[in-house]
Structures are given as C-alpha cells and as structure tokens.
Amino acid sequence: MLFVYGRLLSQPLVNSVTPEKFLYQFVSSLIKYQMAICYFLYIAGFMWFILTLKKNMYKYQFRQYAWTHMILIVVFTQSSFTVANIFEGIFWFLLPASLIVINNIFAYVVGFFFGRTPLIKLSPKKTWEGFIGASVTTMISAFVLANILGQFQWLTCPRKDLSTGWLQCDPGPLFKREYYTLPGWISQWFPWKEISILPVQWHALCLGLFASIIAPFGGFFASGFKRAFKIKDFGDSIPGHGGITDRMDCQMVMAVFAYIYHQSFIVREGISVEMILDQVLTKLTFEEQQTLLTKLGQILQDRLGHS
C-alpha cells in the first residue's frame, strides 16, 4: 500500500505540505527514497516470515503467504487506479463506476424478462439477450452521462493537492462544446438545426464499450473462482453483502482500464509546466530550487531587456 499509493500521492503531498523548511525536506526525502524504503520493508517482512516457519505447518504458512500476495495484487494494486482516477478528476471515477452499475442492472432486467439463450456456463443465469441489451443501454448511457457530468468543473478538474473544497480550472478542449449542423432532412422532422457535443462524449463511448463487453469478464472470473473452491460467495460471511464480489471485480477491471485509457489517449503528450514543476519540487533540494529561480529570473530579465 505504501508503494502503490505513495507513488500516486507523492506530488499532491508535496503541494500540500507546509512551507516550513524541515518538514518540507523530510517529506521530499521520503518521496525521493520511497521505492527503497518500500523494498526494504518488504524484505524485512520476508525475513520475518522465514524465521517464523514451524514444522508441520509449512504448507499452511506458505499458502497464507501466497494468499497475501494475491490479495495485494488483485485488491490494493487495482484499487490504487481508482484513487489515481479521482485525482485526474472525479469525472474519471464516477463515469466508469456508473457504467458498471448501469450494465449490471440492465443485464439483470433484460435477462429476466427476455433472456432465453445462456451466455456462459460459469454463470448459468447470464443470457445473450441480457448481455446485448445491457451493452446497448450502457453505450447510450455513457454518451448521455458524459454530457451531463462534463458540465461541472468540480467533477472535471484534476486535484493537484490533498486539500478539500470546490475546484475551478480551465476545463480544456475535452470539456468545451463543439457544435454540429444537422442535415436538412433531419431538421424537417425535428426542431433542431444543430447539436452541441462535448468531445469527451466520444471517449465515453469507448468506456461504455469496455464496460459492456470486457468488464463483465471480471464477474465471470469471480464466478469461476467460487466454483473452483466450492463456495457460494466471498461475501456470505458478511450479512447483506452476498454477490458483492462479482460487482467489485467488474469495478476493479473498469478502474484499471479507465486509468490506462486516460493516460494513453487523453493526457496531452510532451512537456508541460506541471511536469517540469513536479521534477523541480521532487528532484531538487531547496537550495537548488532557489538557485534555479535566481537564474531563471536573470534569463527572463535579459530577454525583456533585448526586446
């Protein structure tokens, strides 16, 4: 947890820390050596595990060791992508999560009323009719929801620090409306001559497609796992939480995809002011930052003098 969340929260922590010199240097050192600290903590745990091995309990202890790693990878590593999405803007957390909920609801509703053809043996109650009906509904919902959520800056602005409160920022081209003129034959039947669309709505269709086709396989994975170990549900031991794990697996898969998609196709390439500032704050000492500021001021004064 310290490794995966620490890498995500390092820059917001630097932006939030008090300007007091000692505390700033302490936090900067923790961030700089975070990977080494996490590695040696893991090695310490590994050595502790070896030293506590007991005769006639080897198999049980190694099984627990393996389960611990599986939980860390499946739960904490994937959930860290959810946190990363929130810092990119609540929009990138709320939209994918909502699409999974919508897909699950309509897969059940359409399958209940119209389902006839089984979809997969791992989940006998899942049907092709429910799968297709939920896919169509999810795609439409993605397009509409992106238009609604994209209107609010407090949902679309990225969080740069650990403070709370409303956010205001330049929404960027992704959340600025583009207007399209409709063909003449459409305006004859409907009162609209043009429509406005947020560019993010086209990206929302990709998220909707993934939530419809790929994300349900996270639930199928959970179903197969339960059948392999002959348990009804992971949540049976928690009253009122039966069946929750199938939906959690879908949400985890969706969170990872939303983060990868955002970083690959949404984030602008190249060097930005934020990237340079991040390097300055995390890689340079306080004295080096002062030197950089002084030299940068001199360069700007020289340029202004020549102009």
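Visitor: In which helix is the place of S141?

Guide: Bear in mind that this is a predicted model; in it, S141 has its place in helix 6, which covers residues 128-149, and the protein as a whole has 13 helices and four strands.

Visitor: Does S141 count as buried or exposed?

Guide: The general idea is that a residue is buried when its relative accessible area is under 20%. S141 counts as buried because its relative accessibility is 17%, and, leaving aside residues up to four places away in sequence, S141 touches L99 and I102. Across the protein, buried residues make up 33% of the 307 residues.

Visitor: How many aromatic pairs are there, and how is the geometry of one described?

Guide: Rings pair if their centres lie within 6.5 Å, and planes over 60 degrees apart count as edge-to-face. By this rule the count comes to 15 aromatic pairs; one of them, F49 and F62, is edge-to-face, with 5.3 Å centre to centre and 85 degrees between the planes. Because F49 lies in helix 3 (residues 34-51) and F62 in helix 4 (residues 58-87), this pair ties together parts that are 13 residues apart in sequence. F49 counts as buried at 13% relative accessibility, whereas F62, at 42%, counts as partly exposed.

Visitor: What kind of aromatic pair do F257 and Y261 form?

Guide: F257 and Y261 form a tilted pair, 5.8 Å centre to centre with 40 degrees between the planes; both lie in helix 11 (residues 244-266), four residues apart, which is about one turn of the helix. Y261 counts as buried at 8% relative accessibility, and F210, F257, Y261 and F265 form one aromatic cluster.

Terms used:
Residues are numbered from 1 along each chain as its sequence is written. This is a predicted model: local features need pLDDT of at least 70, side-chain atom pairs count only at pLDDT 80 or more; totals for chains, interfaces and linings use all residues. Side-chain values use heavy atoms; hydrogens and water are left out. Helices (H or I, at least four residues) and strands (E, at least two) are DSSP runs, numbered from the N terminus. Buried means under 20% relative accessible area, exposed over 50%, partly exposed in between (1.4 Å probe, protein chains only). Contact means heavy atoms within 4.5 Å. Rings of Phe, Tyr and Trp (its six-membered ring) pair if their centres lie within 6.5 Å; planes under 30 degrees apart count as stacked, over 60 as edge-to-face and the rest as tilted.
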